[in-house]
Amino acid sequence: MKLEDEIKQVKFANDYQRAMLNVVFTANWLEVGISQLLKKYDLSSQQYNVLRILRGSRPNPLNLLDIQERMMDKMSNATRLVEKLRQKELLTRIQCPTNRRKVEIEITDKGMEVLKELDPAMDENDQLLAKKLSQEEVKLLGDLLDRLRD
């Protein structure tokens with residue numbers, strides 16, 4: 001469906017405004033789809049992102065700053081996210097005995113199991129792009145979005 005139909009707006013100031021609104025609208029649309037998948041696991045997309053970051057660093061622990069730097073949503077409260085995941089026993093948070101400011105964070109086996117269960121559903125969700133865009137179009141889209149952030 002075209003953006004104009006989705007947001008019931010027929011006129012934009014210019015093509016740049018339409019493109020910017022389309023990027024924001026589409027990002028939100030994709031986020032809703034991902035959130036629905038994660039709801040079954042009582043996870044937010046930000047919590048999922050933290051778990052994936054920790055899986056990627058395994059077996060090495062990360063500190064809070066490392067996690068924040070790698071997060072998709074830079075405005076997320078990483079401290080709060082880590083604590084919620086710790087309460088769900090999906091990660092451990094170990095304070096260094098000699099330096100209380102240093103905290104090492106690692107994904108648990110339970111966290112790994114959750115991601116293992118989620119992987120097929122997330123892969124299927126990624127295939128949404130494959131159904132609508134060719135390999136060349138997906139590469140171009142990624143390149144254009146990278147360029148937009150440069």
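Helices (H or I, at least four residues) and strands (E, at least two) are DSSP runs, numbered from the N terminus. The model shown in these views is predicted, so that local features need pLDDT of at least 70 and side-chain atom pairs count only at pLDDT 80 or more, while totals for chains, interfaces and linings use all residues. Residues are numbered from 1 along each chain as its sequence is written, and side-chain values use heavy atoms, with hydrogens and water left out.

**Figure 1. Overall arrangement of the protein, with its seven helices and two strands.** Read along the sequence, these elements follow the pattern α-α-α-α-α-β-β-α-α. The C-alpha trace spans about 60 × 30 × 30 Å along its principal axes, and the protein has a radius of gyration of 19 Å, whereas a compact globule of 150 residues would have one near 15 Å; this radius is taken over C-alpha atoms, and the globule rule is 2.2 Å times the number of residues to the power 0.38. Of the contacts (heavy atoms within 4.5 Å) between residues at least 6 apart in sequence, 47% join residues at least 24 apart.

Figure 2. Of the 150 residues, 23% count as buried, where buried means under 20% relative accessible area, exposed over 50%, and partly exposed in between (1.4 Å probe, protein chains only). The 26 positive and 25 negative charges have mean positions 4 Å apart; Lys and Arg count as positive and Asp and Glu as negative, while His and the chain ends are not counted, and the place of each charge is taken as NZ of Lys, CZ of Arg, CG of Asp or CD of Glu.

**Figure 3. Helix H3 (residues 45-57) and what covers it.** The end C-alpha atoms of H3 are 19 Å apart, which agrees with the 18 Å that its 13 residues should span at 1.5 Å a residue, the expected span being 1.5 Å times one less than the number of residues. Its buried residues are Ser45, Gln47, Tyr48, Asn49, Val50, Leu51, Ile53, Leu54 and Ser57, and their cover includes helices H2 (15-39), H4 (64-70), H5 (78-87) and H6 (109-132) together with strands S1 (91-95) and S2 (103-107). Ser57 in H3 is buried because its relative accessible area is 10%, and, leaving aside neighbours within four places in sequence, Ser57 is in contact with Leu62 and Arg70.

**Figure 4. Leu3 in helix H1 (residues 3-7).** With a relative accessible area of 3%, Leu3 is buried. Apart from its neighbours within four places in sequence, Leu3 is in contact with Lys8, Phe12, Arg18, Leu21, Asn22 and Phe25. Leu3 and Gln46, which are 43 residues apart in sequence, lie 26 Å apart in space, C-alpha to C-alpha.

**Figure 5. Thr108 in the loop between S2 and H6.** Thr108 has a relative accessible area of 15% and is therefore buried. Not counting residues up to four places away in sequence, Thr108 touches Arg58, Glu89, Leu90, Leu91 and Thr92.

**Figure 6. Val32 in helix H2.** Val32 counts as partly exposed because its relative accessibility is 46%. The C-alpha atoms of Val32 and Arg55, which are 23 residues apart along the chain, are separated by 23 Å.
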